[in-house]
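Subject: Structure handover and notes

Dear colleague,

I am passing the structure on to you with this message, and my notes on it follow below. Please read them with the structure open beside you.

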Amino acid sequence: MDIFTQKKLLFRIVILLAVLNIFSLGIFFGKDIFHKPPQQERPDNNKSNDNRDVLSILERELKLTEKQSDEFKKIRSDFPDKERAVREVLNKERDSLNEEAFKKNPDEEVIKSLARKIADNEYKVELLRYEQAKEMKAVCTAEQQEKFEVLIKEIRDYLRENKQRKKK
């Protein structure tokens with residue numbers, strides 16, 4: 001075999017090995033990118049599942065009686081309806097604010113008035129949350145109330161972490 005044929009053969013072998021290397025790396029890294037297992041997502045009713053989970057945790061950890069459990073369910077089921085009503089008004093006010101803000105000649109007094117109404121309704125939502133907490137605490141015994149405080153913080157942190165994981 002002459003030297004030119006040897007060089008051609010070695011050049012082809014080097015090219016073939018480089019292509020095989022790139023192909024192997026593509027398979028190795030592509031497997032991670034294109035074949036990730038689907039993340040386990042909850043059904044569309046995430047909130048209701050979270051509510052049931054939280055309620056079962058509260059029942060178990062606070063050792064709620066049947067009567068207390070029923071009262072908790074009632075309190076927790078009333079809150080979303082009340083909040084939804086305020087949120088609907090809030091969303092309409094936000095829409096009105098956006099419409100006014102993007103007009104050719106927006107009226108600043110109207111914008112300030114709408115902003116105040118939006119803030120007032122956010123305040124109402126927070127008061128609803130406080131009322132719910134107050135009603136739930138009233139159902140508990142003194143011993144349960146102490147556990148309840150710690151438990152609510154733990155549940156809040158857990159749900160916050162889950163929410164952040166889902167966003168990623």
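Helices here are DSSP runs of H or I at least four residues long, numbered from the N terminus, and by that numbering Gln68 is found in helix H3. Please keep in mind throughout that this is a predicted model.

Gln68 is a reasonable place to begin. Its relative accessible area is 8%, so Gln68 counts as buried, and its side chain reaches the backbone nitrogen of Thr65 at 2.9 Å. Leaving aside neighbours within four places in sequence, Gln68 is in contact with Lys63, Val139, Cys140, Thr141 and Gln144.

Phe72 belongs to the largest nonpolar core, which has 13 residues, and is listed with Leu58, Leu62, Met136, Phe148, Leu151 and Ile155 as having the most contacts inside it. Two or more residues of this core come from each of helix H2 (46–62), helix H3 (66–101), helix H4 (108–139) and helix H5 (142–167), with H2 giving the most, namely 4 residues.

Turning to charged pairs, the structure holds 11 salt bridges. In one of them the closest N and O atoms of Lys74 and Asp78 are 3.1 Å apart, and because these two are 4 residues apart in helix H3, about one helical turn separates them. Lys74 is exposed at 52% relative accessibility, whereas Asp78, at 29%, is partly exposed. Another salt bridge joins Glu83 to Arg129, with 3.3 Å between the closest N and O atoms; Glu83 lies in helix H3 and Arg129 in helix H4, so this pair ties together parts that are 46 residues apart in sequence. Glu83 is buried, with a relative accessible area of 16%, while Arg129 is partly exposed at 34%. Through shared partners, salt bridges join Glu83, Arg87, Arg94, Glu122, Glu126 and Arg129 into one network.

Finally, a word on confidence. The mean pLDDT of the chain is 82, and 86% of its residues reach 70 or more. Where pLDDT is low, the predicted coordinates should not be read in detail.

With best wishes

Key: Residues are numbered from 1 along each chain as its sequence is written. This is a predicted model: local features need pLDDT of at least 70, side-chain atom pairs count only at pLDDT 80 or more; totals for chains, interfaces and linings use all residues. Side-chain values use heavy atoms; hydrogens and water are left out. A nonpolar core is a set of buried Ala, Val, Leu, Ile, Met, Phe, Trp, Tyr and Cys residues joined through side-chain atoms within 4.5 Å. Buried means under 20% relative accessible area, exposed over 50%, partly exposed in between (1.4 Å probe, protein chains only). A polar contact is a pair of N or O atoms within 3.5 Å; within protein, one must be able to donate a hydrogen and the other to accept it, and residues adjacent in sequence count only if both atoms are side-chain atoms. Contact means heavy atoms within 4.5 Å. pLDDT is the predictor's confidence in each residue, from 0 to 100. A salt bridge is a side-chain nitrogen of Lys or Arg within 4 Å of a carboxyl oxygen of Asp or Glu.
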